[in-house]
Amino acid sequence: MIELYYWPTPNGHKITLFLEEAGLDYEIHPVNISAGDQFQPDFLAFSPNNRMPAIIDRAPADGGDAITVFESGAILQYLAEKTGKFLPTDVRGRKTVMEWLFWQMGGLGPMLGQNHHFGTYAPEKIPYAINRYVNETNRLYGVLNKRLEGRDFIADTGYSIADMACYPWIVPHERQQQNLDDFPNLKRWFTAIGERKGTIDAYAKGKAEHFTPTVTEESKKILFGQTAKSGKQD
């Protein structure tokens with residue numbers, strides 16, 4: 001049994017995509033990031049960056065005590081190694097998947113996250129910041145579009161954790177001010193993954209009533225006003 005600490009954000013969706021595709025038993029524990037659940041001491045005990053997703057594996061491969069994992073990329077790698085699925089074992093195939101997983105973690109996710117912040121949530125609309133991140137989003141879409149030329153998936157070895165990591169960040173493409181028609185290879189890939197049963201089932205979990213995100217002025221303070229001193233908002 002995998003215990004998943006989750007909220008329906010792109011990073012949260014990455015993990016349900018894997019769990020549904022792999023057919024693993026799992027239980028979701030909602031972490032309402034708008035209400036500050038990520039600051040609860042019991043959650044911080046195994047997710048010290050006060051971010052979801054995080055997991056607890058009650059049946060680790062070594063047969064020992066439960067293993068906790070935080071950070072979505074680390075979770076995908078851990079689950080892939082645990083199950084032997086969606087991560088090649090040969091050195092070249094594994095290298096490629098890990099390159100694109102790290103590309104998503106270091107570029108696609110953070111840059112598109114800033115796009116969301118300055119375009120949607122920031123109290124002051126700063127044209128320079130909006131243009132900066134919309135343009136960088138466009139550049140990254142172009143990188144992925146080029147990679148997918150002549151390929152069904154990001155890696156040549158088939159559907160992998162690299163695809164699972166990237167797909168949820170493309171879902172809100174309209175909010176990111178991107179037109180998928182400008183990226184035909186990306187659009188083809190995006191459509192195909194969206195039609196997979198694992199994807200449909202994963203996103204259905206995120207539509208459950210008790211996961212409905214609520215963004216208010218108070219929740220913005222919780223989400224965007226954190227400091228090292230307080231661990232929360234100023």
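These are my notebook entries on a predicted model.

**Ground rules**

I number residues from 1 along each chain, as its sequence is written. Because the model is predicted, local features need pLDDT of at least 70, side-chain atom pairs count only at pLDDT 80 or more, and totals for chains, interfaces and linings use all residues; side-chain values use heavy atoms, with hydrogens and water left out. My helices (H or I, at least four residues) and strands (E, at least two) are DSSP runs, numbered from the N terminus.

**Entry: the sheet**

I looked up the strand order. 4 strands form an open sheet, in the order E2-E1-E3-E4, with mixed pairing. Strands pair if DSSP finds at least two bridges between them. E2 (26-30) and E4 (67-70) are the edge strands, each pairing on one side only. On average, neighbouring strands are turned by 20 degrees against each other, direction ignored.

Next I checked E1 (residues 2-6). E1 runs parallel to E2, and 5 bridges join them. Tyr5 has His29 in E2 as its bridge partner.

**Entry: helices by the sheet**

I then followed H3 (72-83). H3 lies across E1, E3 and E4, at about 135 degrees to E4. Axes here are lines fitted to C-alpha atoms, for helices over the stretch in contact, and angles run from 0 to 180 degrees between N-to-C directions.

How do H1 and H3 pack? H1 (residues 10-22) meets H3 at an angle of about 10 degrees, with the axes 9 Å apart. That makes the two helices roughly parallel (angles under 35 degrees count as roughly parallel, over 145 as roughly antiparallel, 65 to 115 as roughly perpendicular and the rest as oblique). From H1, the contact uses Asn11, Lys14, Ile15, Phe18 and Leu19. From H3, Ser72, Ile75, Leu76, Leu79, Ala80 and Thr83 take part. Contact means heavy atoms within 4.5 Å.

**Entry: loops**

I searched the loop between H2 (41-44) and E3 (54-57), where Pro53 is found. A cis peptide bond joins Met52 and Pro53, with omega about 5 degrees. Asn50 is in this loop too. Its phi is near 45 degrees, a positive value in a residue other than glycine. Is Asn50 buried or exposed? Asn50 is buried, because its relative accessible area is 13% (buried means under 20%, exposed over 50%, partly exposed in between, with a 1.4 Å probe and protein chains only).

Phe86 sits in the loop between H3 and H4. Phe86 also has a positive phi, near 65 degrees. Phe86 has a relative accessible area of 18%, so it is buried.

**Entry: helix H5**

I tested the length of H5 (residues 127-147). At 1.5 Å a residue, its 21 residues should span 30 Å, and the end C-alpha atoms are 30 Å apart, so the two agree. The expected span is 1.5 Å times one less than the number of residues.

I listed buried residues of H5, among them Ala129, Tyr133, Val134, Thr137, Tyr141 and Arg147. What covers the buried residues of H5? The cover includes H4 (91-121), H6 (161-170) and H7 (184-194).

**Entry: Gln178**

Last, I visited Gln178, in the loop between H6 and H7. Gln178 counts as buried because its relative accessibility is 7%. Its side chain reaches the backbone oxygen of Gln176 at 3.1 Å. Leaving out residues up to four places away in sequence, Gln178 touches Val134, Thr137, Asn138, Tyr141, His173 and Phe183.

How values were computed:
Polar contact = N/O pair within 3.5 Å; in protein donor to acceptor, adjacent residues only side chain to side chain.
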